[in-house]
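Good morning, colleagues. Please look at the structure on the screen, and I shall then take you through several of its parts in turn.

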Amino acid sequence: MSKRSHDDAAASGDPKEARREAKRLKKEKKAQKTEPSDGDVAVPAQLDAVVSEKQPTSTDEILSKDERKALRRAQKQAARAPEAREVARPATGTLGDQEAAAKAERKAVKLAEKSTRKVAKPSEHVNGQTSGEITAGDKHGAGISGRENVDESAYREDTGLAALPQSDIDAFVADNHLAIEDPHKQAYRPIIDFKYLPGDATQRAPFANFSAPTPIQAACWPYLFAGRDVIGVAETGSGKTLAFGLPCVRYIASLPKSMRSGVKACMVSPTRELAMQIHEQLVKLAEPAGVKVVCVYGGMSKDEQRRTLKGAHVVVATPGRLNDFLQEGAIDLSGATYVVLDEADRLRRGGAQDHLDNGANW
Ligand SMILES: Nc1ncnc2c1ncn2[C@@H]1O[C@H](COP(=O)(O)OP(=O)(O)OP(=O)(O)O)[C@@H](O)[C@H]1O
């Protein structure tokens, strides 16, 4: 009913008719007030807020107290589970009333919970490899091979780390975009603080100037301490050297003196510069532990390098020079059970495959 018809009724001179019209008009106005306007069709945005960080005020108007509580819970969980965002979104387009909103809300809570569990749990779809795969970014890779035939009980999680609430671990994994796949499903907790490293405080001295392990270190260390094979992928400058270097040095340092002689670890790097960088960092850790690290690479006198090899526990090498020394018997890797292929993808691309194949019978 329009104002025009009300005017018409008044103009007809029938007061009864005019009163009826006025009443109808009032009713209509009331009904218009309760109907959503075009601006209220912001339902998708409100439901997006189920998984976004900020909760718009209009959500408060639509949801009940219990629903708002569930919403906050979902937001917290969804913040740690980015996949939930994508799964929850399709539900948003079709909902326009309170009941539907509550339904979508419940669904989002469930999805967020499920996704959170998924993030926390190592994936189960690994293709029969024996390696754990640790991914923290995707620029450069380091193939890290742990000790063979080592009792996996060699690594015992620090009690403080084991006592942390799962939510702390989940938050670390989600915040650092870590994906950890472990076919053995041991689900070691990342060592998120140096104080959770095995060993006493003196062994943490090399990290005195660092505030916390980097994500790739935190994720790799438990697996490598346990003697597992690891493929680690992380961007450049993310601390991969210590990720594989610390467990290596600790392993050698832990050997009884009678078993310590000879090369115990070999690290192959695609370039001389990278090999030298690894060497430089490892020496700082290794020397105080009585572990000798040497670096051999092409373009330098072999004689000098041969001399340095005497008494070495760890050899850092470029593929060609390593192969030369293997051929001539200057390096014996028969006792080396800790092998690192630094930037394994680059090693392959750089034509190191033949050298690596030659070294396969180390
Ligand atoms: N936990 C840490 N906190 C702060 N700095 C660290 C930490 N661990 C290592 N670093 C420092 O970060 C720098 C880069 O580390 P590193 O060379 O291991 O990175 P990377 O991932 O191996 O890089 P690249 O891909 O270039 O080889 C080094 O100077 C190293 O001393």
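This is a predicted model: local features need pLDDT of at least 70, side-chain atom pairs count only at pLDDT 80 or more; totals for chains, interfaces and linings use all residues.

I begin with a pair of helices: α10 and α11 cross in a right-handed sense. By right-handed I mean that the near helix is turned clockwise from the far one, and by left-handed that it is turned anticlockwise by less than a right angle. The residues in this contact are Ile216, Gln217, Cys220, Trp221, Leu224 and Phe225 from α10, and Lys240, Leu242, Ala243, Phe244, Leu246 and Pro247 from α11. Two residues are in contact if their C-beta atoms, placed from the backbone, lie within 7 Å. By class, the contact of α10 with α11 has 10 nonpolar residues, 1 polar and 1 charged. Here Ala, Val, Leu, Ile, Met, Phe, Trp, Tyr, Cys and Pro count as nonpolar, Asp, Glu, Lys and Arg as charged, and the others, Gly among them, as polar.

The axes of α10, residues 215-225, and α11 come within 9 Å and cross at roughly 20°. α10 is therefore roughly parallel to α11. Axes are lines fitted to C-alpha atoms, for helices over the stretch in contact, with angles running from 0 to 180 degrees between N-to-C directions. Angles under 35 degrees count as roughly parallel, over 145 as roughly antiparallel, 65 to 115 as roughly perpendicular and the rest as oblique.

Residues are numbered from 1 along each chain as its sequence is written.

For the protein chain as a whole, the secondary structure comes to 16 helices and 8 strands. These are DSSP runs numbered from the N terminus, helices being H or I of at least four residues and strands E of at least two. Of its 362 residues, 33% count as buried. Buried means 20 or more other C-beta atoms within 10 Å of the residue's own, exposed 12 or fewer, and partly exposed in between, with C-beta atoms placed from the backbone.

Which helices each supply at least two residues of the shell around the ligand? They are α11, residues 240-254, and α12, residues 272-286. The ligand is surrounded by 16 residues, the closest being Phe210, Thr236, Gly239, Lys240 and Thr241. A residue is near a molecule if its C-beta atom, placed from the backbone, lies within 6 Å of it. The shell divides into 5 nonpolar, 10 polar and 1 charged residues.

α11 and α12 also pack against each other, at an angle of about 40° and with axes 10 Å apart. They are therefore oblique to each other. Among the residues making the contact are Thr241 and Leu242 of α11 and Ile278 and Gln281 of α12. In this contact 7 residues are nonpolar, 3 are polar and none is charged.

I turn now to helix α9, residues 166-175, which contains Phe172. Is Phe172 buried or exposed? Phe172 is buried, because 20 other C-beta atoms lie within 10 Å. Beyond its neighbours within four places in sequence, Phe172 is in contact with Pro190 and Ile192.

Finally, His177 lies in the loop between α9 and β3. Its phi is positive, near 50°, although His177 is not glycine. Most residues other than glycine have a negative phi. His177 is exposed, with 12 other C-beta atoms within 10 Å.
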